[in-house]
Amino acid sequence: MYTIAVLLACVGATWAAGCCIPPQWEATTSFVISMIHNDKLVVAPGYSMMAYDGVNKVLGQYETVYLNSATPRSYGVLLDYKTNTKYTLNSEGACYRSTLNRDVAELSGCIPNNATMVSQNIVIGIGSNSMKVDTYKFNFEGSAAFVTVSSENCIPVKEVIRGSLEGNNFIQDLQYQNITGGISHPENLVVPPKGCENAPMFSAHFASDGFMGNVIGRRSVFLGL
Ligand SMILES: *[C@@H]1O[C@H](CO)[C@@H](O)[C@H](O)[C@H]1NC(C)=O
Ligand SMILES: *[C@@H]1O[C@H](CO)[C@@H](O)[C@H](O)[C@H]1NC(C)=O
């Protein structure tokens, strides 16, 4: 049994206005990205631990990516919206800086006002072990995002994004797990991160030998990445 999505013909600005995630929280995520690059399928599953600090406008992640089943690579990433800077630390301890290309207002943590509600109050689970979720659709820089949040309190559950990154078509599926409120290790969100004080500037682009660059640490359209 399922409920057909209720689609409003007229997408009102008030519609999603109330759906904002909590200002500070932590989660683990798991994701898989499938991308066509030079006519070849590139599949990259991975997972991350992330800390979202909407008060200080920073987002920290420790991310592990398996590119085409190769040896996993891990990165620490700090996105500082206040200075529009992204720091990427690789497992050898080398740190790079790049421009985040984001405005501080983009880390609003809210579903955009012009999003379409695709489904509402869909029950997942069973009986007392269930919860209700809402799914929104919106566009972000040429990509289409489907974001699922809990109907109550707007807690992130899932995101599916499809679009094109530097001419490569991709689809990404991401789950949020084990969300907890607050920031347990604020020292990990200090700007600049330890070891990054003199990090050289780096221009990030997609490369077939790895997702080093544009894609590292930028997983969520919902969060304005
Ligand atoms: C909503 O607004 C943004 C920019 O403000 C735009 O890029 C997007 O195409 C609009 N529509 C949807 C459905 O997201
Ligand atoms: C989620 O939390 C549970 C309970 O603490 C733990 O057993 C599990 O490994 C965690 N899963 C992830 C993906 O972090």
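1. Start with the disulfide between Cys95 and Cys196, whose sulfur atoms sit 2.0 Å apart. The model is predicted, and these values are computed from it. A disulfide is a covalent bond between the sulfur atoms of two cysteines. The link of Cys95 and Cys196 is right-handed, with 100° about the S-S bond. Cys95 lies in strand E6 and Cys196 in the segment after E11, so the bond ties together parts that are 101 residues apart in sequence. Is Cys95 buried or exposed? Cys95 is buried, and Cys196 is buried too.

2. How many disulfides does a search of the whole structure find? The search finds three. Another of them joins Cys19 and Cys154, with the sulfur atoms 2.1 Å apart. The torsion about this S-S bond is 85°, and the link of Cys19 and Cys154 is right-handed. Look at where the two ends sit. Cys19 is in the segment before E1. Cys154 is in the loop between strand E9 (143-150) and E10. The two cysteines are 135 residues apart, and the pair links distant parts of the chain. Both Cys19 and Cys154 are buried.

3. Next comes the disulfide of Cys20 and Cys110, with 1.9 Å between the sulfur atoms. The torsion about the S-S bond is about 100°, so this disulfide is right-handed. Cys20 is in the segment before E1, while Cys110 is in the loop between strand E6 (95-99) and strand E7 (116-126). The pair spans 90 residues and links distant parts of the chain. Why does Cys110 count as partly exposed? Its relative accessibility is 22%, and buried means under 20%. Cys20 is partly exposed as well, with a relative accessible area of 32%.

4. Now count the bonded cysteines along the chain. The disulfides follow the pattern 1-5, 2-4, 3-6. Trace that pattern in the structure above.

5. Turn to the strands. E1 (residues 24-37) and E11 (residues 168-181) run antiparallel, joined by ten bridges. E11 also pairs with strand E10 (residues 156-165), again in the antiparallel sense, over eight bridges. Which residues stand opposite Gln172 of E11? Ile33 stands opposite Gln172, and Ile161 stands opposite Gln172 too. In a regular strand the side chains alternate between the two faces of the sheet.

6. Check the turn between E10 and E11. These strands form a hairpin with two residues between them. Glu166 is in the turn and has a positive phi of about 50°.

7. The aromatic rings deserve a look. The whole structure has two aromatic pairs. In one, the rings of Trp25 and Tyr52 have their centres 5.3 Å apart and their planes at 20°, so the pair is stacked. Trp25 is in strand E1 and Tyr52 in strand E2 (residues 40-53). They are 27 residues apart, and the pair links distant parts of the chain. Trp25 counts as buried at 1% relative accessibility. Tyr52 is buried too, with a relative accessible area of 2%.

8. Trp25 also pairs with Tyr176. What kind of pair do the rings of Trp25 and Tyr176 make? Their centres are 5.9 Å apart and their planes lie at 75°, so the pair is edge-to-face. Trp25 lies in E1 and Tyr176 in E11, so the pair ties together parts that are 151 residues apart in sequence. Tyr176 counts as buried at 8% relative accessibility. Ring pairs link Trp25, Tyr52 and Tyr176 into a cluster.

9. Which residues are around ligand 1? They are Asn114, Phe138 and Asn139. A polar atom in the side chain of Asn114 is 2.3 Å from an oxygen atom of ligand 1. Asn139 uses its backbone: a polar atom there is 2.8 Å from an oxygen atom of ligand 1. On its own, ligand 1 has 350 Å² of accessible area, and the protein covers 43% of this.

10. Ligand 2 has Thr28, Gln177 and Asn178 around it. An N or O atom in the side chain of Thr28 is 3.4 Å from an oxygen atom of ligand 2. For Asn178, a polar side-chain atom lies 2.2 Å from an oxygen atom of ligand 2.

Technical notes
Residues are numbered from 1 along each chain as its sequence is written. Chains are lettered from A and ligands numbered from 1 in the order in which they are written. This is a predicted model: local features need pLDDT of at least 70, side-chain atom pairs count only at pLDDT 80 or more; totals for chains, interfaces and linings use all residues. Side-chain values use heavy atoms; hydrogens and water are left out. A residue is near a molecule or strand if one of its heavy atoms lies within 4 Å of it. A polar contact is a pair of N or O atoms within 3.5 Å; within protein, one must be able to donate a hydrogen and the other to accept it, and residues adjacent in sequence count only if both atoms are side-chain atoms. Accessible areas come from the Shrake-Rupley method with a 1.4 Å probe; for residues, only the protein chains shown count as cover. Two strands pair if DSSP finds at least two bridges between them. Helices (H or I, at least four residues) and strands (E, at least two) are DSSP runs, numbered from the N terminus. A disulfide is a pair of cysteine sulfur atoms within 2.5 Å. Buried means under 20% relative accessible area, exposed over 50%, partly exposed in between (1.4 Å probe, protein chains only). Rings of Phe, Tyr and Trp (its six-membered ring) pair if their centres lie within 6.5 Å; planes under 30 degrees apart count as stacked, over 60 as edge-to-face and the rest as tilted.
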